[in-house]
Amino acid sequence: MDEYDGYFRVVTSSWSPIHNELYILQEDESTDELKIVGSIKQGLGKVNETVKSVRFNEDEAYVVTFEQTDPFYVINLSNPLLPIVEGELIIPGYSAYLQPLGENYILGIGYGDSDGGTAGMKIAIFDVSDKSNPVILGEEVI
């Protein structure tokens with residue numbers, strides 16, 4: 001979760017059935033309560049995948065979900081009332097931590113994949129210069 005430009009932004013995982021959602025909230029000054037102004041309620045993860053990491057970075061959000069593969073999502077938040085999944089990259093393993101490296105790269109630290117489970121620490125650099133087509137610039141499982 002984070003706060004940016006007067007908006008509170010959060011990504012959640014819920015159970016029964018498992019699903020992931022992104023919410024953008026803003027304070028309603030007449031009631032002093034938070035009101036949902038934008039959301040993504042579908043499209044964050046496949047069946048049975050839960051959120052493993054989220055990084056908000058100004059008008060973008062990066063979300064990783066996991067069951068047996070690592071969908072890495074690029075989400076455009078420039079219009080808080082209409083957040084949009086811009087890009088998706090599916091790779092084995094998952095990133096448990098995401099850190100921006102300048103404007104066009106994201107560092108992911110997490111776990112590699114071994115026959116549907118996790119194996120070894122994984123370090124990956126995602127190139128997000130083309131938001132609709134994120135790619136792995138390099139990765140290492142140690």
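Aspartate 59 has a relative accessible area of 33%, so it counts as partly exposed. That value lies between the cut-offs of 20% for buried and 50% for exposed. The model is predicted.

Where does aspartate 59 lie? Its place is the loop between strand 5 (50–57) and strand 6 (60–66). Asp59 also belongs to a negative surface patch.

Now to the aromatic rings. How many aromatic pairs does a search of the whole structure find? It finds four. Two of them are set out here.

| Pair | Distance between ring centres | Angle between planes | Arrangement |
|---|---|---|---|
| Tyrosine 62 and phenylalanine 72 | 5.9 Å | 15° | stacked |
| Phenylalanine 72 and phenylalanine 126 | 4.0 Å | 0° | stacked |

Why do both pairs count as stacked? Ring planes under 30 degrees apart count as stacked. The planes of tyrosine 62 and phenylalanine 72 are at 15°, so that pair qualifies. Those of phenylalanine 72 and phenylalanine 126 are at 0°, so this pair does too.

The pairs also link separate strands. Tyrosine 62 is in strand 6 and phenylalanine 72 is in strand 7 (residues 69–76), so their pair ties together parts ten residues apart in sequence. Phenylalanine 126 is in strand 11 (residues 117–127), so its pair with phenylalanine 72 of strand 7 ties together parts 54 residues apart in sequence.

Are these residues buried or exposed? Tyrosine 62 and phenylalanine 72 are buried. Phenylalanine 126 is buried as well. Together, Tyr62, Phe72 and Phe126 make up one aromatic cluster.

Key: Residues are numbered from 1 along each chain as its sequence is written. This is a predicted model: local features need pLDDT of at least 70, side-chain atom pairs count only at pLDDT 80 or more; totals for chains, interfaces and linings use all residues. Side-chain values use heavy atoms; hydrogens and water are left out. Patches are made of residues with over 30% relative accessible area and no salt bridge: like charges are joined within 9 Å, nonpolar side chains (Val, Leu, Ile, Met, Phe, Trp, Tyr) within 5 Å. Accessible areas come from the Shrake-Rupley method with a 1.4 Å probe; for residues, only the protein chains shown count as cover. A salt bridge is a side-chain nitrogen of Lys or Arg within 4 Å of a carboxyl oxygen of Asp or Glu. Lys and Arg count as positive and Asp and Glu as negative; His and the chain ends are not counted. The place of a charge is taken as NZ of Lys, CZ of Arg, CG of Asp or CD of Glu. Helices (H or I, at least four residues) and strands (E, at least two) are DSSP runs, numbered from the N terminus. Buried means under 20% relative accessible area, exposed over 50%, partly exposed in between (1.4 Å probe, protein chains only). Rings of Phe, Tyr and Trp (its six-membered ring) pair if their centres lie within 6.5 Å; planes under 30 degrees apart count as stacked, over 60 as edge-to-face and the rest as tilted.
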